[in-house]
Each structure stands twice: as C-alpha cells, then as structure tokens.
Amino acid sequence: MIRVHHLENSRSQRVLWLLEELGTPYEVIEYQRDPQTLRAPESLKVIHPLGKSPVISDDSRDGRVVAESGAIFEYLLDHHDPDARLRPSPGGVAYERFRFWLHHAEGTAMPPLVMRLVFSRLAKPPVPTLIRPLGRLFAKGVEQKFLGPEIRSLKKYWEAELAIAEWFAGECFSAADIQMSFPVLALEGRGGLEGYPKLQSFLDRCRKRDGYRRAVEQGGEFEIS
Ligand SMILES: N[C@@H](CCC(=O)N[C@@H](CS)C(=O)NCC(=O)O)C(=O)O
C-alpha cells in the first residue's frame, strides 16, 4: 500500500491524481497548514527531514520513503505502471519530451510562482504594520522588473507548446500533464490565464478526467487565494 502524506491545498494533490490514473490503491494521511504561516506541521518532519509535501511511503518496497514530486512520479511510474500507460517508452524523442515537462514543472515553472507568493506577503501580517509600505514597494519592483516578465514568458511558451499538441508531452495525456497542472492551476487564480486559451482548455480537459475528480474527492480542490 502506498501512503501519501498529503498537505492540504498543495502540490501533493498531483500525487493523488497520478495514483488515481494508475489505479494503484493508496491511503491519504492528511496534514493541515499553520493558518498564520501556511507552513506544514512539524509532524511531517517525522516522515522526511525536510517536512515538505508530497512525500510517500511504499509498504510493498520495505516502507521506502520518497520525497520530491518529480522523483515520486518517476518512482510510481517505475514500480506501479507496468503497462507504461502514463509515459512514452524510454529511449525516443517522445520520452525526452515527456521528461522535460516532468522536470520543467518544479525546476523552472514553480520557482517564480513561489517567489511571487512570498513577495506578495511582504505587505501583510505578520510583517509589522510600519514596514509594510516598504515591503509593498519592494514587492512591486521585483514584480515589474523580474517576476512579471519571467512568468509572462513561461505562459507564452506553454501556450505555444499546447498549440502544437493537445497535451504537454504530445497527443496523449501523460503523467507530465499531471505534473504541469500545478503551475497552471496556480496561475489560474487572479485572472492569470486571461489571454491564454490553450492553457485554459488544458485545465478544462484535466478537470474532466475521472482520475482528477476522484483525487479532488480524496484530497480537496487546489485553491489559490
Ligand atoms: N519541489 C518540491 C516542493 C515541495 C514543497 O515546497 N511543498 C510545499 C507544499 S506545496 C510544502 O510542503 N510547504 C510547506 C512548508 O514548506 O512548510 C516538490 O515538488 O515536492
């Protein structure tokens, strides 16, 4: 049995979705964020020293613990996808394309999105009231000079790629789409996908999948507020 240590409203939603698509039985162990800091609880550090989610353990392989979404995806596909339904066979161009998107999601897409989230909090509690205007100014500068252009260039690139093929790794749905869904979902809030119809229809197609719906039933919808 796979145990998913699932932090509410987080990237670990993707692991539930992958397991649903694979049809692999799993158990969800839920963790709540600290309402003030939004950080994961200390109890997650008992499972893995970094205390981040997702993290899984696998009873069928000596209770092995695997952290980091991309590594978890590769692990689950290696050991729980015997018919290779959710990725192309290794060795060809299709596989290289798949692998690119699998790693692009966390390696390149997520860092500026996380930075934007962190900077957006500089003008809010617990930052002391007196220095919030300075925080707001600083955040605005970083947004204008770096994050805005960086994120626009990512969205433009993804939109162009989805104009070539229906899914990120080609004509077939793959685990790379599950991995990429998180940055696209994170951008969807606050009108971030306006003017990007291919990205919007990508999310529509994701949401129509039975596996996606079942994962949401298990772990809750991802909502960026
Ligand atoms: N690149 C890592 C990122 C893991 C990560 O930062 N997870 C967030 C949830 S979206 C987390 O655990 N945050 C709570 C915390 O850091 O305290 C992965 O994809 O697994």
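This is a predicted model: local features need pLDDT of at least 70, side-chain atom pairs count only at pLDDT 80 or more; totals for chains, interfaces and linings use all residues.
**Notebook: ligand site and domain contact**

Residues are numbered from 1 along each chain as its sequence is written, and side-chain values use heavy atoms, with hydrogens and water left out.

**Ligand**

For Arg-39, I found a polar side-chain atom 2.8 Å from an oxygen atom of the ligand. For Glu-68, I found an N or O atom of the side chain 2.6 Å from a nitrogen atom of the ligand.

**Domains**

I looked up the domain assignment (bounds from an automatic or database assignment), which gives domain 1 as 2-80 and domain 2 as 93-209. Their C-alpha centres lie 21 Å apart. The contact (heavy atoms within 4.5 Å) takes 14 residues from domain 1 and 19 residues from domain 2.

I read the buried area, the accessible area (1.4 Å probe) that two parts lose on being put together, summed over both, as about 1400 Å² between the domains, with 61% from carbon and sulfur atoms. Arg-11, Arg-14 and Trp-17 supply 44% of the area that domain 1 buries against domain 2, more than any other three residues.

**Polar pairs and helices**

I counted six residue pairs in polar contact between domain 1 and domain 2, both residues at pLDDT 80 or more. Helices here are DSSP runs (H or I, at least four residues), numbered from the N terminus. Both α1 (13-22) and α2 (69-80) supply at least two residues of the side of domain 1 that touches domain 2. On that side α2 gives the most, with five residues.

**Salt bridges**

I searched for salt bridges (a side-chain nitrogen of Lys or Arg within 4 Å of a carboxyl oxygen of Asp or Glu). The whole structure has 13, and three cross the interface of domain 1 and domain 2. The side chains of Arg-14 and Glu-106 meet in a salt bridge at 2.8 Å, N to O. Arg-14 is in helix α1 and Glu-106 in helix α3 (residues 93-120), 92 residues apart.

Terms used: A polar contact is a pair of N or O atoms within 3.5 Å; within protein, one must be able to donate a hydrogen and the other to accept it, and residues adjacent in sequence count only if both atoms are side-chain atoms.
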